[in-house]
Amino acid sequence: MKPEQGSQPKELKRSMKSRHLFMLSIGGVIGTGLFLGSGYAIGEAGPFGAITAYLFGGLLMYLVMVCLGELSVVMPVSGSFQAHAERFIGPASGFMIGWTYWLSWAIYVGLEFIAAGLLMARWFPDVPVWVWCAVFSLLLFGINALTTRSFAEMEYWFSAIKVVAVLFFIVVGGAAIFGLIPIQGQSAPYLSNFFGDGIFPTGFIGVFISVMTVVYAFMGSEIMGVAAGETEDPEKSIPKAIRSIIVRILLFYVLATFVLSAIVPWKQAGVLESPFVTVFDMTGIPYAADIMNFVILTAILSVGNTGLFACTRILFSLSQSGQAPRAFGKVNKRGVPMNALLVTLAFALLSLLTSVIAEETLFVVLLAISGVGGVVTWMAIAFAQYKFRKQYIAGGGKLADLKFKVPFFPLVPILCLIMCVGIVVFTAFDPAQRTSLYIGFGFVAACYVFYYFKFTRKKRDTSILTNGEPDKLVQ
């Protein structure tokens with residue numbers, strides 16, 4: 001079995017460069033999980049606990065990304081891990097991953113529209129939130145509807161704003177820690193906030209709860225694989241992007257968390273709306289709140305932009321494999337799957353109705369599916385890589401022929417699976433999040449059941465009528 005350079009449908013164009021691929025993954029990860037969620041992580045686990053949680057999440061992200069890298073170089077197709085799961089795990093798993101991932105991101109895009117509208121209320125309090133939801137949905141639709149290159153270029157600049165803001169925060173905050181920039185109303189804190197209440201003030205339970213928040217914040221890095229089918233020279237671009245992404249994302253999160261923990265006492269960090277704004281205010285930077293409001297707005301639009309792209313390509317991939325209506329596989333002259341884009345946007349906007357209709361039930365259900373979808377996708381990526389490598393070696397393939405390969409195989413995919421299962425177990429011990437597991441994994445099970453009755457059983461019944469015996473399908 002030789003590495004398979006998956007032949008991409010001709011209509012899709014490989015117009016993304018390595019810099020676009022790099023920023024695409026950055027855009028999927030650096031968002032509200034950092035700007036708003038970091039304070040929650042510090043409040044739950046304390047300074048050292050939060051940093052430990054980010055290091056754990058960074059390790060898991062590394063394991064996932066290298067597994068995805070090997071698969072994406074071998075099989076660089078739009079849809080990425082959905083196509084990988086279908087090929088190396090089984091068609092039913094490919095169906096489940098595709099629809100779970102599509103639904104989770106389509107929901108998340110809708111939530112990002114709401115968040116963006118709420119942020120705009122700071123500057124335009126008399127304008128209803130739904131108006132901003134409509135404006136931003138049209139904006140992101142326009143970006144995605146032009147060409148893949150236009151989407152990638154816009155996402156590059158969206159992400160660049162976030163990266164510059166985080167770097168600026170780290171530099172300014174680092175200077176304030178050691179007294180190089182004065183903090184209003186207090187002397188330089190140095191590292192006093194790290195040791196005031198012990199290394200792990202809330203115990204290991206706090207660290208475990210923080211880990212769940214951190215891992216969810218890192219989800220989105222796998223979107224790089226979705227774009228592999230539209231990337232120039234994937235054999236070089238993908239490995240380069242993976243090496244850069246892992247180190248830089250981890251540095252951004254760990255250093256930003258370090259600065260926050262040093263300046264803001266951990267008990268206060270957990271109740272602040274945005275600790276980044278607080279730090280800028282403490283250092284006397286004018287218009288700090290407005291600056292961060294703009295940066296967070298950019299981050300939200302970036303994540304929404306990336307999610308809309310990912311959903312469209314996943315739906316396109318499902319159509320190509322016959323697991324979604326054929327209309328979703330059609331592209332326009334610019335190489336954009338327009339039908340898939342329109343349906344995704346329509347569903348994202350439909351999810352906005354949950355703020356009005358059945359908000360106590362439907363919203364919780366959709367959010368649960370969104371959260372579980374990320375963990376299941378990471379598990380599928382690791383398992384697909386494990387299965388691919390086994391099949392590749394059994395078929396006489398040589399490791400030297402792989403342009404990018406997972407080190408320490410099979411330890412990396414196995415450790416990735418164990419860590420993902422651990423996250424699920426930790427979540428089960430948290431009463432506030434336990435229900436999300438029932439709902440999320442219930443949807444996963446429903447996908448398998450639907451696939452059986454829609455495809456497997458139908459095909460077997462057809463086979464019995466024509467041949468007298470059912471096909472032996474690999475599930």
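In which loop is the place of Tyr190? Tyr190 sits in the loop between α7 (148–177) and α8, where helices are DSSP runs of H or I with at least four residues and strands are runs of E with at least two, numbered from the N terminus. The structure is a predicted model, in which local features need pLDDT of at least 70 and side-chain atom pairs count only at pLDDT 80 or more, while totals for chains, interfaces and linings use all residues. Residues are numbered from 1 along each chain as its sequence is written, and side-chain values use heavy atoms, with hydrogens and water left out.

The chain as a whole has 18 helices and zero strands. Of its 475 residues, 55% count as buried, that is, under 20% relative accessible area, as against exposed at over 50% and partly exposed in between, with a 1.4 Å probe and protein chains only. When contacts (heavy atoms within 4.5 Å) are taken between residues at least 6 apart in sequence, 80% of them join residues at least 24 apart. The accessible surface, from the Shrake-Rupley method with a 1.4 Å probe and, for residues, with only the protein chains shown as cover, comes to about 19,800 Å², and 68% of this belongs to carbon and sulfur atoms.

Tyr190 has a phi near 50 degrees, a positive value in a residue other than glycine, and at 45% relative accessibility Tyr190 counts as partly exposed. Together with Phe178, Leu180, Leu191 and Phe195, Tyr190 forms a nonpolar surface patch with about 560 Å² of accessible area. Such patches are made of residues with over 30% relative accessible area and no salt bridge, joining nonpolar side chains (Val, Leu, Ile, Met, Phe, Trp, Tyr) within 5 Å and like charges within 9 Å; a salt bridge is a side-chain nitrogen of Lys or Arg within 4 Å of a carboxyl oxygen of Asp or Glu. Phe195, in helix α8 (residues 192–195), counts as exposed at 53% relative accessibility.

The loop between α16 (362–394) and α17 (411–428) holds Pro410, and the peptide bond from Phe409 to Pro410 is cis, with omega near 5 degrees. Phe408 lies in the loop between α16 and α17 as well; Phe408 has a positive phi of about 55 degrees although it is not a glycine, and is exposed, with a relative accessible area of 66%.

As for the cysteines, the structure holds zero disulfides, a disulfide being a pair of cysteine sulfur atoms within 2.5 Å. Cys416 is in no disulfide, and the nearest cysteine sulfur, that of Cys420, is 4.4 Å away. Cys416 is buried, with a relative accessible area of 0%, and Cys311 is buried with a relative accessible area of 1%.
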